[in-house]
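Here's a quick tour of how this chain packs together on the inside. Have a look at the model first, then read on.

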Amino acid sequence: MMYRNFIKRGIDCLVALVLLILALPVLLIAAACLFFANNGNVFFTQERPGRKTRLFRVIKFKTMNDKKDQHGKLLPDRERLIPVGKFIRTTSIDELPQMINVLKGDMSLIGPRPLLPKYLPLYNEQQKRRHEVRPGITGWAQVNGRNAISWSKKFEYDVWYVDNLGFLLDVKIVWLTIIKIFKREGITEQGSATISAFNGNN
């Protein structure tokens, strides 16, 4: 309980601050590339539910454009993903701005990924438990398939993490995350640029 309630938060703040400083050149280069390739659009912010479903705005690099079809509806993700955005996404550079969310206390380095608010009414009672901890930049589901696994399996991994949260598990997840980044595994769902929407458990 000491790690969950106190030590984890201290480690989050320290690591996030160090990473932001060390990654500053990468952040600046990525921001410049996106500025010129995406019509000046660099950052993407969106409301997400955090611990106890409290809403916050997640910060990421904007790797997709806003092109729409003749009916004013956004084109599929695969068609909107810009070339430099694909590289930034597959190398997980797009996740770096979320260190700001970590410093603010919205997120942790490790935990269930923050999803869309519209999914909240669709969770069953077990799946709702993913909100007992702060959402993370990476997590147990991410190192066990990320976007390449089903929603039900993803939520199963999330709740397992909530029940087994500890220092050694977090160290293991960090190590596996580094391996995943270099191997570029599980970035997308088969046939999609990201992952299909969650439509409930039926």
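Predicted model: local features only at pLDDT ≥ 70, side-chain atom pairs only at ≥ 80, totals over all residues.

Let's start with the cores. The largest nonpolar core holds 30 residues, and Phe-61, Met-99, Tyr-161 and Ile-173 have the most contacts inside it.

H2 gives the largest share, four residues. As for Met-99, if you skip residues up to four places away in sequence, its partners are Ala-16, Leu-19, Leu-20, Leu-109 and Ile-137. There's also another core, apart from the largest one, with six residues including Leu-115, Tyr-123, Phe-155 and Phe-198.

Now for H6. This helix runs for 14 residues and spans 20 Å from first C-alpha to last, close to the 20 Å expected at 1.5 Å a residue. Its buried residues are Trp-151, Lys-154, Phe-155, Asp-158, Val-159, Tyr-161 and Val-162. They sit on the same side of H6, because they cover an arc of only 150° around the axis. The buried residues of H6 pack against H1, E3 and H7.

Finally, the lysine. Lys-60 belongs to strand E2, residues 55–61. Is Lys-60 buried or exposed? Its relative accessibility is 14%, so Lys-60 counts as buried, the cut-off being under 20%. Beyond its neighbours within four places in sequence, Lys-60 contacts Val-42, Phe-43, Phe-44, Asp-94, Glu-95, Pro-97, Gln-98 and Arg-113.

Methods
Residues numbered from 1 in each chain as written. Heavy atoms only, no water. Helix = DSSP H or I, 4+ residues; strand = E, 2+ residues; numbered from the N terminus. Buried < 20%, exposed > 50% of the residue type's maximum accessible area, 1.4 Å probe, protein only. Contact = heavy atoms within 4.5 Å. Core = buried A, V, L, I, M, F, W, Y, C linked by side-chain atoms within 4.5 Å. Expected span 1.5 Å × (residues − 1). Arc of directions from axis to C-beta.
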